[in-house]
Amino acid sequence: MESGFSITNSITSPGAARTSVTSYFIAPGTSFSATVRTVAERISGCLRAEDLVGRTGGDEIVVGLRSIPDLDTAMVIAEAIRRAIAQPIATAEQRIGITASIGVTLARAGEGVDELIARADLAMYRAKAAGRDRVIRLA
């Protein structure tokens, strides 16, 4: 199962990350929506009150980071999210193992949200190509 999310931050301190989350060994009858909900709760647990997280459709989740100072800070948050997601999800039938491939970038002056997310997507796909379950930055 593939799932993804984006991390973006506000115009005052723009940044973004795009993440793909992969679950292994999902048993028939295991609720996909419950798994996505658990992942979203874990992501929220890594964020501050002023940050945002929401599902954009299917298996995609968007995270908005407000007023982060730099790419290194975004990387620390993305790594915390990756580790939180990696904790197995226990169901009545099994434990579901999850990994996340995360791409992180900061917005450029005058850049719109679509361009920001596109660059974060590029970083995420580089993380996948590098072997998954990692955080990759794109300056």
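**Salt bridges and burial, judged by their definitions**

Me: What makes R137 partly exposed?
Reply: R137 has a relative accessible area of 39%, and because buried means under 20% and exposed over 50%, with partly exposed in between (1.4 Å probe, protein chains only), R137 is placed in the middle class. This is a predicted model, in which local features need pLDDT of at least 70 and side-chain atom pairs count only at pLDDT 80 or more, while totals for chains, interfaces and linings use all residues. Residues are numbered from 1 along each chain as its sequence is written, and side-chain values use heavy atoms, with hydrogens and water left out.

Me: Why is the contact of D72 with R137 called a salt bridge?
Reply: The closest N and O atoms of D72 and R137 are 2.9 Å apart, and the term asks for a side-chain nitrogen of Lys or Arg within 4 Å of a carboxyl oxygen of Asp or Glu, so the pair qualifies as a salt bridge. D72 lies in helix 2 (residues 71-85) and R137 in strand 7 (residues 135-138), so the pair ties together parts that are 65 residues apart in sequence; helices (H or I, at least four residues) and strands (E, at least two) are DSSP runs, numbered from the N terminus. D72, with a relative accessible area of 47%, is partly exposed.

Me: How many salt bridges does the structure hold?
Reply: There are seven salt bridges, including the one between D72 and R137.

Me: How do you know that the side chains of R83 and E79 meet in a salt bridge?
Reply: The N to O distance for R83 and E79 is 3.8 Å, which is within the limit, so the pair is counted. R83 and E79 are four residues apart in helix 2, so about one helical turn separates them. Salt bridges that share partners join E79, R82, R83 and D133 into one network. Within helix 2, R82 and E79 are three residues apart, about one turn of the helix, and their side chains meet in a salt bridge at 2.5 Å, N to O.

Me: Which class, buried or partly exposed, does R82 fall into, and why?
Reply: R82 is buried, because its relative accessible area is 14%, whereas E79, at 23%, is partly exposed, and R83, at 46%, is also partly exposed.

Me: Why does I96 count as buried?
Reply: I96 has 0% relative accessibility, so it counts as buried. I96 lies in strand 6 (residues 95-105), and I96 and T35, 61 residues apart in sequence, are 8.7 Å apart in space, C-alpha to C-alpha.
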